[in-house]
Amino acid sequence: MSIFSIYTGLIYNEFFSVPFELFSPSAFACRDAACRYLPQHPYFPVVYIMWSSSLFSLHVILFYRSEATTIGLIQVRDTYPFGVDPAWHGSRSELPFLNSLKMKMSILLGVAQMNLGIILSFFNALHFKNAVNVWFQFIPQMIFLNGLFGYLSLLIIVKWCTGSKADLYHVMIYMFLSPTDDLGENQLFANQKTVQLVLLLLSLIAVPWMLLPKPFILKAQHNRTHQGESYTALEGTEDSLQVEASHDPHGHEEFEFSEVFVHQLIHTIEFVLGAVSNTASYLRLWALSLAHSELSTVFYEKVLLLAWGYNNVIILIVGIIVFIFATVGVLLVMETLSAFLHALRLHWVEFQNKFYEGDGYKFAPFSFSLLGNEEE
């Protein structure tokens, strides 16, 4: 967790909400006199607070910084090589920009992890030599998830690489409502409408593909195994039948087609609805990152810099103490615990429901009181 926190800090190029130019100078520079009075240095809020003598001057400095970073800056160099350009920090468009960035990153991470969960179900099927689950569960699930949300992830990456102004909300909504309409300014690549129609058709086919064939195939396999066979043939397949029975979701050898069909129906509905709800659930990463970033900014600007602006040693010492305790107590303890619990929930629900079935034996905790009964 600590290593990944450092990694995300490098992605955002911030340390306690202070931007750093670690990898190269910012891609932006002053265009006119609007930002002439602001030094090109990441520590300029602290430098100017030492010169200021009142709270009013602090507000003026921060205000002009916001104006400068959105009006008086133009791109003069190549794109910042790693992470977020430090020039975004403190600008009026910082929050909309980071909101969009973090939301898209959350979707990409969520789709990647859900795909990993479905791939693990494939290895489960290989381990138990269950070809039915491979052809009628793994493959349609991969088609459905990636036909919709894998395609959304592709659009996000294409939009980042091309700098397009396309509205991805509009693209995904009208992919269902009006799939044959022209995309207009929301087109990101050639033949996009055709690709969307194919993906939508495949996603629609994947739903009955998951639902219908598996129960009928299981019924046919059961009938072929139990009807018209001699005792010797049954004895020869005893081990394989025991394996099938041990993984039977209903716990008995008697084949109930209605129960199997209802179970498959529930599983299909759960996956289809879960593909939407689970992807949306990963947006909690966006909310957590936004809350952490805003709390860091509040503690830095409204506690440390505010105390520094009074030019009073006692107030400064009190401000530093409050800043340290707020940072340790809120950001390093409460926020870390909150992020850990949310990440645990994503692994437990959104990730594990793609492959974990829980069809083994019931957990029996060790107990000394039961040892005598077992010996008897």
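1. K193 is partly exposed, at a relative accessible area of 29%. In this predicted model, K193 takes part in a salt bridge with D182, and the closest N and O atoms of the two residues are 3.4 Å apart. D182 sits in the loop between helix 6 (168–177) and helix 7 (192–211), while K193 belongs to helix 7, so the pair ties together parts that are 11 residues apart in sequence. D182 counts as exposed, with 69% relative accessibility.

2. The whole structure holds 2 salt bridges. Besides the pair of D182 and K193, there is one between R345 and E350, with the closest N and O atoms 2.4 Å apart. R345 is partly exposed, its relative accessible area being 33%. E350 counts as buried, at 2% relative accessibility. As background, side chains of opposite charge can pair when their charged atoms come close.

3. Helix 7 also contains L201. This leucine, L201, counts as exposed because its relative accessibility is 52% and the cut-off for exposed is over 50%. L201 and F144 are 57 residues apart along the chain, and their C-alpha atoms are separated by 9.9 Å.

4. A nonpolar patch on the surface is formed by V313, I317, I320, I321, I324, F325, V328, L332, V333 and M334. Together these residues have about 960 Å² of accessible area. One of them, V328, lies in helix 13, which covers residues 313–351. V328 has a relative accessible area of 41% and is partly exposed.

5. N311 is located in the loop between helix 12 (284–308) and helix 13. Its phi is positive, about 55°, although N311 is not a glycine. Most residues other than glycine have a negative phi. N311 counts as partly exposed, at 48% relative accessibility.

6. N13 is another residue with a positive phi, with a value near 50°, and N13 is not glycine either. N13 belongs to the loop between helix 1 (2–12) and strand 1 (14–15). Its relative accessible area is 2%, and N13 is buried.

7. What lines the second largest cavity? N13 is part of the lining, along with Y12, E14, P19, V84, D85, P86, W88, H89, E94 and L98. By type, the lining residues divide into 6 nonpolar, 2 polar and 3 charged. The space in this cavity comes to about 70 Å³. A search of the whole structure gives 2 cavities of 30 Å³ or more.

8. G90 lies in the loop between strand 4 (73–75) and helix 4 (94–127). At 22% relative accessibility, G90 counts as partly exposed; the cut-off for buried is under 20%. G90 and S17 are 73 residues apart in sequence, and their C-alpha atoms are 9.6 Å apart in space.

9. I107 is in helix 4. Is I107 buried or exposed? I107 is buried, with a relative accessible area of 12%. I107 and Y282 are 175 residues apart in sequence, and the separation in space is 6.5 Å from C-alpha to C-alpha.

10. S5 is part of helix 1. S5 counts as partly exposed, with 48% relative accessibility. Along the sequence, S5 and T336 are 331 residues apart, yet their C-alpha atoms are 9.5 Å apart in space.

11. Some points to take to the structure view follow. For the charged pairs, look at D182 with K193 and at R345 with E350. For the backbone, the residues to check are N13, with phi near 50°, and N311, with phi of about 55°. For contacts across the sequence, the pairs to locate include I107 with Y282, at 6.5 Å, and S5 with T336, at 9.5 Å. For the surface, the nonpolar patch includes V313 and M334.

How values were computed:
Residues are numbered from 1 along each chain as its sequence is written. This is a predicted model: local features need pLDDT of at least 70, side-chain atom pairs count only at pLDDT 80 or more; totals for chains, interfaces and linings use all residues. Side-chain values use heavy atoms; hydrogens and water are left out. Patches are made of residues with over 30% relative accessible area and no salt bridge: like charges are joined within 9 Å, nonpolar side chains (Val, Leu, Ile, Met, Phe, Trp, Tyr) within 5 Å. Accessible areas come from the Shrake-Rupley method with a 1.4 Å probe; for residues, only the protein chains shown count as cover. A salt bridge is a side-chain nitrogen of Lys or Arg within 4 Å of a carboxyl oxygen of Asp or Glu. Helices (H or I, at least four residues) and strands (E, at least two) are DSSP runs, numbered from the N terminus. Buried means under 20% relative accessible area, exposed over 50%, partly exposed in between (1.4 Å probe, protein chains only). On a 1 Å grid over the protein atoms alone, a cavity is a set of points where a 1.4 Å probe fits but cannot get out, and a pocket is an open set with protein on both sides within 12 Å along at least five of seven lines; lining residues have an atom within 4 Å of a point. Grid points are joined across faces, edges and corners, and a volume is the space filled by probe spheres set on the points. Ala, Val, Leu, Ile, Met, Phe, Trp, Tyr, Cys and Pro count as nonpolar, Asp, Glu, Lys and Arg as charged, and the others, Gly among them, as polar.
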